[in-house]
Amino acid sequence: MNKFLTCCSIASLLIAQTSSLQAAEMMTELGAGEGEVVIVAWPGYIERGETDKSFDWVTSFEEKTGCKVSVKSANTSDEMVALMNEGGFDLVTASGDASLRLIAGKRVQPVNVDLVPSWSDVDDRLKDAPWHTVEGTHYGIPYMWGPNVLMYNTEAFSEAPTSWKVVFEEMTLSDGKSNQGRVQAYDGPIHIADAANYLMTHKPELGIKSPYELNQEQYDAALDLLRQQRKLVSRYWHDAFIQIDDFKNEGVVASGSWPFQVNLLKGDGVPVASVIPEEGATGWADTTMLHAEAEHPNCAYMWMEHTLSSNLQSDLSVWFGANPSVPTACTDGRGMQTAEGCTANGLDDFDKIKFWTTPVSKCESQEQCVPYYRWVSDYIGVIGGR
């Protein structure tokens, strides 16, 4: 099943099921900036040189537009949805498992791409991506995409691990020690999809077609695998910087992670590396979306245009270890990134990544699937030892 068609069907279903809120009208022209823009973002996505002075794409924007940038970091998609429901924000950098919920809940408004001059520079694979486009209407501007990698300590592994098995099943590693108590798992219900992705290869008899579309039998198998993993996990991580500290100081040697943590740890001289194992990987394609009740929409549109500048996209790609939504950022020399760097970040692996999306009951691959609200409650149970 084509993942784009699946996402489109999910989006249409979610929107059809939600009618209690009024949709915001799409802006048709821009006015003067309001002096501020307030953004919910993943950690490391919006830098002003405070973590590393070489990475600052906020200061120049503020100087040029007079729009002061305020950022609230969110560590999970569920947290982002909650913050957007709460209100008080103009923009959010939403992954696919949040973006469709925000569209369905009418917490974001359509974006007029004609008001974003650099829209034509966006990767054609992302322009109409179904996690931000519904029935031809765009609800955001692509920002960054990448895989959920397997990060590992190179002193605990004499060779790069080839399978996610090292975080799901107990084993003795090449340093002679068990992996029990030395691995981590993501603290979010969407991690159930990582278990399902593993089972697609190791239990093909389950017939899983998409890790986000699970019938009851497939879902139960994924939960059983996660309960097994629970015995190995030292911490369920959602804060990137806490995971970084755990790899530095707490003896953690393997975990699903983001390229962001890998890069920072390498920069600090910690012996880590990352790989996409043989089972493939889940991943994220993040979109800058405009709140339905944004108080600073003109500054917000200015920021969306700013995010597509190739030098910002280039430096962000280096900083986060992911892929720019503007492909020329890999090669035009305006920032730090190079063609070789983008290839290393997986620019050519787009079709291999199973991008996050929201599980719904009426899915494409089979008659009935377990919906996301069940994922939320059951994953809490798994973490709690049930």
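Which residue stands opposite Glu36 in E2?

1. Glu36 stands opposite Lys68, which belongs to strand E2. The two strands concerned are E1, residues 36-41, and E2, residues 68-73; they run parallel and are joined by six bridges. Together with helix H2 (residues 59-65), E1 and E2 make up a β-α-β unit, and that unit is right-handed.

2. A word on confidence. This is a predicted model, with a mean pLDDT of 92 for the chain. Of its residues, 94% reach 70 or more. Residues 1-22 should be read with this in mind: pLDDT stays under 50 over that stretch. For these residues the model has 43 contacts beyond four places in sequence.

3. Next, a sheet. Five strands form an open sheet in the order E9-E8-E10-E7-E11, and the pairing is mixed. E9 (233-237) and E11 (272-275) are at the edges; each has a single partner strand, so one side of each has no neighbour in the sheet. From one strand to the next, the twist averages 25°.

4. Within this sheet, E8 (residues 183-186) and E10 (residues 254-257) run parallel and are joined by two bridges. Val183 stands opposite Ala254 in E10. Helix H9, residues 240-249, packs on the sheet and touches strand E7 (149-153) as well as E8, E9, E10 and E11. The direction of H9 makes about 160° with that of E10.

5. What about the interior? In general, nonpolar side chains in soluble globular proteins tend to be buried together. Here the largest nonpolar core has 123 residues. Those with the most contacts inside this core are Tyr45, Ile46, Ile192, Trp258, Trp303 and Trp375.

6. Trp375 can be followed in detail. Leaving aside residues up to four places away in sequence, Trp375 touches Pro189, Ile190, Ile192, Ala193, Pro211, Tyr212, Leu214, Tyr219, Pro359 and Val370. One of these, Ile192, is also listed among the residues with the most contacts inside the core.

7. Is Thr287 buried or exposed? The relative accessible area of Thr287 is 0%, and buried means under 20%, so Thr287 counts as buried. Its place is in strand E12, residues 281-290.

8. Not counting residues up to four places away in sequence, Thr287 touches Val92, Thr93, Ala94, Trp131, His132, Gly140, Ile141, Pro142 and Tyr143.

Definitions and conventions
Residues numbered from 1 in each chain as written. Predicted model: local features only at pLDDT ≥ 70, side-chain atom pairs only at ≥ 80, totals over all residues. Heavy atoms only, no water. Pairing = 2+ DSSP bridges. Helix = DSSP H or I, 4+ residues; strand = E, 2+ residues; numbered from the N terminus. Axes fitted to C-alpha atoms, helices over the stretch in contact; angles between N-to-C directions. Contact = heavy atoms within 4.5 Å. Right-handed = clockwise from strand over helix to strand, strands pointing away. pLDDT = per-residue confidence, 0-100. Core = buried A, V, L, I, M, F, W, Y, C linked by side-chain atoms within 4.5 Å. Buried < 20%, exposed > 50% of the residue type's maximum accessible area, 1.4 Å probe, protein only.
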